[in-house]
Amino acid sequence: MANDAEIFAADFKEQPFWWDAAPRPVLPQSPLPAKVDVAVVGSGHTGLVAALTLARAGRRVAVFDAGDAGQGASSRNAGYVGRSLKHGFGELMERHGLDRAVAVYRDMRAAFDWVFTLVEQEQIACKLVHCGRFVGALSPKQHESMAREYALRERHLGEPFEMLSRADQGRELGSDYYCGGAIIPDHGSFHPGLYHLGLLERALSAGVEIHARTPVTGIRRESDRFTVHSNRGAVAARDVLVAANGYIDKTMPWLRRRLVPFHGYMVATAPLAREQIDRILPRSRTVIEFHHNIFFLRRSPDGERLLFGGYTGGPVPNLKGMAARLHAALLRVVPDLAGVRLSHAWTGKCAGTFDLYPHIGVHDGVHHALGYCFAGVPMGSWMGLKAALKIMESKDAGTSFDALPFRALPLYTGNPWFVPLVMKFYDWQDRRSL
């Protein structure tokens with residue numbers, strides 16, 4: 001087994017690579033207002049997009065976060081911008097019919113497009129590009145299944161793709177680990193830390209009050225308004241939006257029973273020679289697998305490193321131990337990286353739902369938008385917009401997710417003890433698909 005000196009660079013950090021260029025801001029604490037039009041719980045993509053939209057429409061908005069602004073998954077994710085759900089298009093067609101499948105995936109397209117629109121209109125410098133994506137197949141059977149799925153999307157949604165054989169995949173990836181795969185030419189990537197900072201700056205400029213390090217301890221309905229209680233006092237609000245996703249705690253039991261928080265893990269390599277990176281990712285695509293329990297690989301936006309993730313699941317007692325596992329997996333996927341060392345390792349909490357759909361809605365008068373099930377960048381941003389429009393009772397607020405029942409499991413109270421078992425089940429499903 002490799003020792004630490006063979007795995008970790010001398011300047012190794014247990015924090016997101018993204019924070020090097022986009023450190024988490026330590027905002028000064030200001031006095032809480034007595035009342036606001038809208039209180040938002042969570043300062044990630046969803047919360048900030050909602051707050052910005054509402055403030056621009058003339059609402060007084062206060063955003064609460066238990067930690068520093070954006071220190072959760074919004075500044076820790078992989079920076080992939082795609083338009084897929086855990087439910088494939090073909091699966092939705094079989095279960096619910098063509099019209100439903102098209103409606104859901106058109107909303108995914110709208111969320112994808114919204115990220116590009118928002119970045120352009122707000123002039124957020126976050127390295128957003130249409131880099132394309134290589135989706136790797138781990139067997140000929142998977143390759144055939146992938147071709148059928150993407151052909152359906154092309155026929156009914158107009159989404160282009162190209163299938164590559166194992167012999168041809170070298171033009172996209174300097175490894176023969178996969179049995180070919182698919183190219184989705186217009187998928188994107190960005191720097192999530194810079195994206196979040198851009199949203200934060202625009203929200204503050206629009207007059208949004210950001211109350212960091214102010215955990216919400218309860219939300220109480222009182223006739224035509226709400227009282228939002230925090231560790232620093234209470235605020236009256238006409239409307240409340242909960243957008244804390246994987247960081248929902250016991251103060252919101254109804255939502256907590258419906259969300260399954262899980263941890264994602266990523267590492268960054270130490271700087272590599274540009275020639276080596278060009279051999280491994282010659283067209284700068286993002287890479288992901290056609291699997292449930294996936295590995296994923298991309299260039300850093302500055303082009304100096306590779307970023308790699310996987311082993312999604314529950315918390316681990318030792319982040320360095322997980323980083324070592326990811327290092328070994330990276331070398332299996334890309335043997336050309338023998339000798340590479342890691343400069344960063346990090347984790348963040350996302351959230352799934354029991355039906356594997358994102359959810360947006362209202363319960364007891366409190367709005368929520370969360371449970372993105374691995375599609376947090378586009379869906380989190382877009383559902384922030386939609387949640388704000390719902391609060392404003394706009395005719396443009398509708399989504400294909402509005403009528404979904406938000407189910408809990410009997411006896412589940414929010415402790416996701418079963419996540420390791422779920423990941424083992426996904427591993428079993430993945431083996432069956434080979």
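Trainee: At what angle do helix 5 and helix 11 pack?

Mentor: Helix 5 (residues 98-122) and helix 11 pack at an angle of about 90°, and their axes are 8 Å apart. Axes here are lines fitted to C-alpha atoms, for helices over the stretch in contact, with angles from 0 to 180 degrees between N-to-C directions. Helices (H or I, at least four residues) and strands (E, at least two) are DSSP runs, numbered from the N terminus.

Trainee: And what do we call that arrangement of helix 5 and helix 11?

Mentor: Roughly perpendicular. Angles of 65 to 115 degrees get that label; under 35 degrees is roughly parallel, over 145 roughly antiparallel, and the rest oblique.

Trainee: Which residues make the contact?

Mentor: Helix 5 gives Asp107, Met108, Ala110, Ala111, Phe112, Trp114 and Val115. Helix 11 gives Val377, Pro378, Met379, Ser381, Trp382 and Leu385. Contact means heavy atoms within 4.5 Å. The residues divide into eleven nonpolar, one polar and one charged. Ala, Val, Leu, Ile, Met, Phe, Trp, Tyr, Cys and Pro count as nonpolar, Asp, Glu, Lys and Arg as charged, and the others, Gly among them, as polar.

Trainee: Before I go on, what sort of model is it?

Mentor: It is a predicted model: local features need pLDDT of at least 70, side-chain atom pairs count only at pLDDT 80 or more, and totals for chains, interfaces and linings use all residues. Residues are numbered from 1 along each chain as its sequence is written, and side-chain values use heavy atoms, with hydrogens and water left out.

Trainee: OK, helix 6. How far does it reach?

Mentor: Helix 6 (residues 140-157) has 18 residues and reaches 25 Å from first C-alpha to last. That is close to the 26 Å expected at 1.5 Å a residue. The expected span is 1.5 Å times one less than the number of residues.

Trainee: Which of its residues are buried?

Mentor: In helix 6, Gln142, His143, Met146, Glu149, Tyr150, Leu152 and Arg153. Buried means under 20% relative accessible area, exposed over 50%, partly exposed in between (1.4 Å probe, protein chains only). Those buried residues pack against helix 4 (89-96), helix 5, strand 5 (133-136), strand 6 (162-164) and strand 7 (181-184). Just after helix 6, Gly158 takes a positive phi of about 75°.

Trainee: Which non-glycine residue has a positive phi near 80°?

Mentor: Phe374. It lies in the loop between strand 19 (366-370) and helix 11 (376-391). Phe374 is partly exposed, at 46% relative accessibility. Leu356, also not a glycine, has a positive phi near 60°. Leu356 sits in the loop between strand 17 and strand 18 (359-363).

Trainee: On to strands. What does strand 17 pair with?

Mentor: Strand 1 (residues 8-13) runs parallel to strand 17, joined by two bridges. Strand 13 (residues 260-269) runs antiparallel to strand 17, with ten bridges. Two strands pair if DSSP finds at least two bridges between them. Phe8 is bridged to Leu342, and His263 stands opposite Lys349.

Trainee: How many residues of strand 17 are buried?

Mentor: Eight of eleven, in a strand spanning residues 342-352.

Trainee: And strand 15, are its faces covered or open?

Mentor: Both are covered. Phe296 and Arg298 are buried on one side, Leu297 and Arg299 on the other. Side chains in a regular strand alternate between the two faces of the sheet. Strand 14 (residues 286-289) pairs antiparallel with strand 15 through two bridges, and a hairpin of six residues joins them.
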